[in-house]
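Please open the model in your viewer and keep the sequence panel beside it, ready for selecting residues by number. The tour below goes from stop to stop, saying what to select and what is found there.

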Amino acid sequence: MIVLYVILGIIALIVILLHFSVRAHIRASNDGFEISVKYLFFTIYPRKPKKEKPPKKEKPPKRKRERSKKKAESEEPQLLFSEETPDDLPQEQAETPAPAEYVSPAEMPPPVESLPPPVTEEAAPPPPEKKLTKEEKKELKRLKKEEKALLKEQKKLEKANKGSKLDGLKKKWAMIKPYVPTAWKTVKKLLKTVRFCKTDVTLLTAKEDPYESAMNYGKMSAAVYNAVAALSMIFTVKIKRLAVNCGFNENALRYNADVTVCVRPSALIAIAFCTLVNFAAIFISGKIRSRREKKANKIKNSDETEMLVNE
């Protein structure tokens, strides 16, 4: 029992932690754009920069090694006698070449006969053209007709393959079609779980000409209010302040938007679990329906065969 209580306590703690929402604070103005993401008391983004480690100090060279090198240099033996260079040595006398052997004319090889120059492809005369007989011409015509027939058959096969591809796409769409309504509903629910809290938007438009500034004010106010209305249809929007102001005698456009976006992980997990259950129910019902249709087709085929045998 104690183990069960511990497991239930851990599950309850996880559920409570998942119920707290992840908050993303977004701020946009003429000065710049800022975003920060938090969960409970932890900041997920931006992370704190890592502290740079101080550079390592270079170790001074050891003096013992220098002393050992100096001792080794001092202990090296000095040469008393200089070696003779090869230039000081006496030059050797050049060797006399050996006399060539005498060859009698009887032993001489016979002279090579001069061969004719090789015949190149360019110099070779072209082969004489043969005139085709009537039978050979008929065979050529027959071969050309067979090639045309093969080309026509290939085109027909290509068209048939295109039709089979369309059939395959239709089958895939028929398999996916039952899941589309449930998927659309889940997408809507997921978007509604995203909450725009403390929405604070201020906008100032100004022109030197009063007429132009008034027209610009009307356009900007219509665009802002329509955009917020569209967002409220998709997401859950809570407005703190929404103001569009008009100025004169200057060309300026100043804006400031401050929004906190909240999402509960528990809501996302619940929606995902419900969608998986719905998809499983649709899959199982489709399998049962296909089996029933197969059985009905088998019964029909057996009845038809019995009727034919009786006839």
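Throughout this tour, buried means a relative accessible area under 20%, exposed means over 50%, and partly exposed covers what lies in between, with a 1.4 Å probe and protein chains only. The model is a predicted one, in which local features need pLDDT of at least 70 and side-chain atom pairs count only at pLDDT 80 or more, whereas totals for chains, interfaces and linings use all residues. Residues are numbered from 1 along each chain as its sequence is written, and side-chain values use heavy atoms, with hydrogens and water left out.

**The whole chain**

Begin by colouring by secondary structure, where helices (H or I, at least four residues) and strands (E, at least two) are DSSP runs numbered from the N terminus. The chain holds 6 helices and 6 strands, and from the N terminus on these elements follow the order α-β-β-β-α-α-α-β-α-β-β-α. Of the 311 residues in the chain, 12% are buried. Taking contact to mean heavy atoms within 4.5 Å, 76% of the contacts between residues at least 6 apart in sequence join residues at least 24 apart.

Select serine 29 next, which belongs to strand 1 (residues 22–29). Serine 29 has a relative accessible area of 7% and is therefore buried; apart from neighbours within four places in sequence, it is in contact with Tyr255 and Asn256.

Then select Ala24, Val37, Val194, Phe196, Phe235, Val259, Val261 and Val263, the 8 residues of the largest nonpolar core. Such a core is a set of buried Ala, Val, Leu, Ile, Met, Phe, Trp, Tyr and Cys residues joined through side-chain atoms within 4.5 Å. Strand 6 (residues 252–263) provides the largest share of this core, 3 residues. From valine 194, look for its contacts with Phe235, Thr236, Val261, Cys262 and Val263, a list that leaves out residues up to four places away in sequence.

**Aromatic pairs**

Rings of Phe, Tyr and Trp (its six-membered ring) pair if their centres lie within 6.5 Å, and the pair is stacked when the planes are under 30 degrees apart, edge-to-face when over 60 and tilted otherwise. This rule gives 2 aromatic pairs. Select tyrosine 179 and phenylalanine 279, whose ring centres are 5.4 Å apart and whose planes stand at 80°, so this pair is edge-to-face. The two are 100 residues apart and link distant parts of the chain, since tyrosine 179 sits in the loop between helix 3 (134–176) and helix 4 (180–193) and phenylalanine 279 in helix 6 (residues 265–310). Tyrosine 179, at 24% relative accessibility, is partly exposed, and phenylalanine 279 is also partly exposed, at 27%.

Move on to phenylalanine 196 and phenylalanine 235, an edge-to-face pair with 5.3 Å centre to centre and 65° between the planes. Phenylalanine 196 is in strand 4 (residues 195–207), while phenylalanine 235 is in the loop between helix 5 (210–234) and strand 5 (236–248), 39 residues apart.

**Salt bridges**

A salt bridge is a side-chain nitrogen of Lys or Arg within 4 Å of a carboxyl oxygen of Asp or Glu, and the count by this rule is 3. In one of them arginine 142 pairs with glutamate 146, the closest N and O atoms being 3.0 Å apart; because these residues are 4 apart in helix 3, about one helical turn separates them.

Another joins aspartate 200 to arginine 241, with the closest N and O atoms 2.9 Å apart, and this pair links distant parts of the chain, strand 4 and strand 5, 41 residues apart. Aspartate 200 counts as buried at 17% relative accessibility, whereas arginine 241 is partly exposed at 44%.

Finally, select glutamate 250 and arginine 254, which form a salt bridge whose closest N and O atoms are 3.6 Å apart. Glutamate 250 is partly exposed, with a relative accessible area of 32%, and arginine 254 is partly exposed at 41%.
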